[in-house]
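Me: Let's go through this one together. I'll ask, you answer.
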Amino acid sequence: MSKQEKKDQTQELIKETAKNLFFVKGKFNATTQEIADEAGVNRTLINYYFRSRDKLIQIIFDEAHRVEKEKSEIIMTSDLPFKAKIAEFIEGSLSTSLQYPYLETYIVSQINKGSCHTRDVEEEDLKKLYEDIEIEMGLGNIEKMAPVQFLLNMISLLVFPSAARPLFLENLMLNDIEFDKIISERKDIILNMLFKN
């Protein structure tokens with residue numbers, strides 16, 4: 001293995017370890033030392049490769065943001081029929097929630113701190129989506145409401161269970177495997193709540 005390949009491999013290991021701590025375990029305040037210990041590397045390597053913990057966090061956030069943006073693009077740019085693209089978005093979101101249970105919570109926490117945020121959606125795309133929602137309402141496929149309410153309902157049904165995961169695990173007396181099974185079964189439940197038929 002070349003020196004560059006080893007460097008790339010070590011950088012990727014550190015990033016994946018940080019993602020695992022933040023998005024899988026929900027340890028948003030993991031220190032540089034904790035990331036290094038979990039990755040099995042010397043702490044100075046994190047500063048060597050990323051300059052600082054904050055720079056590493058920015059890189060991790062940018063990657064997480066890209067995942068979220070790709071999911072949004074399913075709804076915004078797909079030529080699928082409306083219900084099919086909503087179903088695809090829900091499936092992608094649930095799959096991400098299973099892989100990274102604390103991803104959305106992490107993104108919201110970073111936005112609340114006033115850092116690491118860029119808008120995902122173009123105004124014209126949002127306007128078109130609202131028009132599509134209104135068409136579906138006119139066809140009687142979904143309840144009449146402000147289009148923004150439809151989106152809030154959908155996002156709430158998708159994100160809240162993962163955002164409140166620790167609370168649900170504790171109070172509903174579930175383990176991680178049981179909770180993941182519940183999340184994996186939510187696609188049809190969400191679609192049935194959003195659509196009349």
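Me: What share of the contacts with a separation of 6 or more comes from residues 24 or more positions apart?
Reply: In the chain, 65% of them. Contact means heavy atoms within 4.5 Å.

Me: What kind of model is this, and what rules apply?
Reply: This is a predicted model, where local features need pLDDT of at least 70, side-chain atom pairs count only at pLDDT 80 or more, and totals for chains, interfaces and linings use all residues. Residues are numbered from 1 along each chain as its sequence is written, and side-chain values use heavy atoms, with hydrogens and water left out.

Me: What is the mean pLDDT of the chain?
Reply: The mean is 89, and 97% of the residues reach 70 or more. pLDDT is the predictor's confidence in each residue, from 0 to 100.

Me: Where is confidence lowest, and where highest?
Reply: Helix 6 is lowest, at a mean of 79. Helix 11 is highest, at 96.

Me: How many helices and strands are there?
Reply: Eleven helices and zero strands. Both are DSSP runs, numbered from the N terminus: helices are H or I with at least four residues, strands E with at least two.

Me: And the overall dimensions? What does the C-alpha trace span?
Reply: About 60 × 45 × 35 Å along the principal axes. The accessible surface comes to about 11,500 Å², and 52% of that belongs to carbon and sulfur atoms. Those areas come from the Shrake-Rupley method with a 1.4 Å probe; for residues, only the protein chains shown count as cover.

Me: How much of the chain counts as buried?
Reply: 39% of its 197 residues. Buried means under 20% relative accessible area, exposed over 50%, partly exposed in between (1.4 Å probe, protein chains only).

Me: Now the core. Which residues have the most contacts inside the largest nonpolar core?
Reply: I86, I90, I133, F150, M154, L194 and F195, in a core of 25 residues. A nonpolar core is a set of buried Ala, Val, Leu, Ile, Met, Phe, Trp, Tyr and Cys residues joined through side-chain atoms within 4.5 Å.

Me: Which helices supply at least two residues of this core?
Reply: Helix 4 (53-77), helix 5 (82-99), helix 7 (123-138), helix 8 (147-163), helix 10 (176-184) and helix 11 (186-194). Helix 5 gives the most, with six residues.

Me: What is L194 in contact with, leaving aside neighbours within four places in sequence?
Reply: L194 is in contact with I86, I90, N141, I142, F150, N153, M154 and L157. Apart from this core lies another, of 24 residues, including F23, A30, L103 and Y106.

Me: Aromatics next. How many aromatic pairs are there?
Reply: Twelve. Rings of Phe, Tyr and Trp (its six-membered ring) pair if their centres lie within 6.5 Å; planes under 30 degrees apart are stacked, over 60 edge-to-face, the rest tilted.

Me: Why is the pair of F23 and Y100 edge-to-face?
Reply: Because the planes are at 80°, with ring centres 5.7 Å apart. F23 lies in helix 1 (residues 3-24) and Y100 in the loop between helix 5 and helix 6 (103-112), so the pair ties together parts 77 residues apart in sequence. Both F23 and Y100 are buried.

Me: How far apart are the ring centres of F23 and Y106?
Reply: 5.1 Å, with the planes at 65°, so this pair is edge-to-face. It links helix 1 to helix 6, 83 residues apart.

Me: Which residues do ring pairs link into a cluster here?
Reply: F22, F23, F28, F61, Y100 and Y106.

Me: Change of topic. How many salt bridges are there?
Reply: Twelve in the whole structure. A salt bridge is a side-chain nitrogen of Lys or Arg within 4 Å of a carboxyl oxygen of Asp or Glu.

Me: Where do K19 and E16 lie?
Reply: Both are in helix 1, three residues apart, about one turn of the helix.

Me: Is K19 buried or exposed?
Reply: Buried, at 11% relative accessibility. E16 is partly exposed, at 32%.

Me: Which residues are linked with them in a network of salt bridges?
Reply: The network links E12, K15, E16, K19 and E63.

Me: Where do D176 and R165 lie?
Reply: D176 is in helix 10 and R165 in helix 9 (residues 165-171), so the pair ties together parts eleven residues apart in sequence. Their salt bridge is 3.1 Å, N to O. R165 is buried at 4%, whereas D176 is partly exposed at 44%.
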